[in-house]
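Colleague: I'm new to this one. Could you show me how to read a helix and its packing?

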Amino acid sequence: MAAQRIKLIFKFPNYQSMAVRSKTTSAQYIASRARDPTFEKLMHKYKNFLKVISIQELILANPKDPTIALDFLTKLSQKLHLNRGAVSFLRKYPHIFTLFYNTSKSQPFCKLTNTAIQISRQEAAAIDASKPVVIDRLLRLLLMSVSKSLPLRAIFKVWRDFGLPDDFELSIISQNPNLFKLCNAHEPNTHILKLVPGDPYPSLSTSVENWRIDQCCGEDSKVDESVIRFAFKHGFPPGMRLSKDFRARVAEWQRLPYLGPYEERGEKLKSKACTKRGEKRAVGIVHEFLSLTVEKMVEVEKISHFRKWFGIDLNIRDLFLDHPGIFYLSTKGKRHTVFLREAYERGCLINPNPVYEERRKLLDLVLLGRRGMLTGDLESMDIGGREEAGLQEED
């Protein structure tokens, strides 16, 4: 009987009854999900892009000498998932990395090209210009927390995803003592970021609430406000089989009332109805969390660090799989990444922001690979013929 149920899951990915879920492992449930080619192609591009970002951060870690020894990078090859070695990976992206031989240190080094440095500076400028937005994001994160506080280590996990400056402890937290306060936690070397008590904070609208208003207030809108009051925007993967029973369950779930992510949670009850509303509240919290990120996507492991603080008792990964019309979970690149489905169209953000646009420029260089190096402008290579010859000799 169990084997028949597992076969049903693989044959009908949207067949999700509680009885079947209890008989399958998490890996089987992930494998049974309906795939979306658009998001899969995007994550295929992002695999090497994320590796490039990791190396770039290592190079820029020392502003006085933004270079890195190839020997040191080679030792990190396994950790950075550079399967064919550091040198082989760097040579795939001559528009981003320059290899040169440092005669004074008698060893090969790597640095960023002028083009890559310019993009990095433009991204830093975009982040600096968006400080008011960043402050609002931090404020919203803390307001979603049950205790209005979050561990600093969890925020460090997502600092890049939320477009925080490198020195956000000084430039954002310390510069706004009327909003934020760092406190020592019970654990050693652990800090908690808290909201400063004061006047009641204004009620905040969520991204999904703004969507509902747009749906109801359009000139030719025929949407019934009572129907869409608690609804989320849905868009299922192409080719996913939507049975009549599945559609009915989604429609019932859409009408289910729930507390928003910024509303105070009352006493927790264990009735079936309260459990369903708790799940919908969790969906609302994660939906808002993703909408606050720069790229409307984040690794599942990073969100898990906030689960307890947001009062989410459910398995985060299963939450994404249970709602494929709202989220898309990808397993490309040895990591689980979740996307906010409604924010994307044809693999790009519908409403891009300045930080995202600068990061896309670097992604374009990654996709360019070695193309354009022989017939186009060689400026971005930023390497002298003698240095290149010396490096080749050293290799």
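Predicted model: local features only at pLDDT ≥ 70, side-chain atom pairs only at ≥ 80, totals over all residues.

Colleague: Okay. Which residues of α13 are buried?

Modeller: The general idea comes from the helix repeat: with 3.6 residues a turn, residues three or four places apart point the same way. Here, F246, V250, W253 and Q254 are the buried ones in α13. Looking down the axis of α13, these buried residues fall within an arc of 100 degrees, so they line one face of the helix.

Colleague: And what sits on the face of α13 turned away from that buried side?

Modeller: That face carries K244 and R255, which are exposed. As for the buried residues of α13, what covers them includes α14.

Colleague: So how do I describe two packed helices?

Modeller: You give the angle between their axes and the distance between the axes. In this case, the axes of α13 (residues 244-255) and α14 (residues 272-291) come within 10 Å and cross at roughly 85 degrees. That makes α13 roughly perpendicular to α14.

Colleague: Which residues make the contact?

Modeller: From α13 you have E252, W253, Q254 and R255; from α14, K276, E279, K280 and V283. Sorted by class, the contact has five charged residues, two nonpolar and one polar.

Colleague: And the whole protein: how many helices and strands does it have?

Modeller: There are 18 helices and 11 strands, and 45% of the 395 residues count as buried.

Technical notes:
Residues numbered from 1 in each chain as written. Heavy atoms only, no water. Axes fitted to C-alpha atoms, helices over the stretch in contact; angles between N-to-C directions. Helix = DSSP H or I, 4+ residues; strand = E, 2+ residues; numbered from the N terminus. Parallel < 35°, antiparallel > 145°, perpendicular 65-115°, else oblique. Contact = heavy atoms within 4.5 Å. Nonpolar A, V, L, I, M, F, W, Y, C, P; charged D, E, K, R; others polar. Buried < 20%, exposed > 50% of the residue type's maximum accessible area, 1.4 Å probe, protein only. Arc of directions from axis to C-beta.
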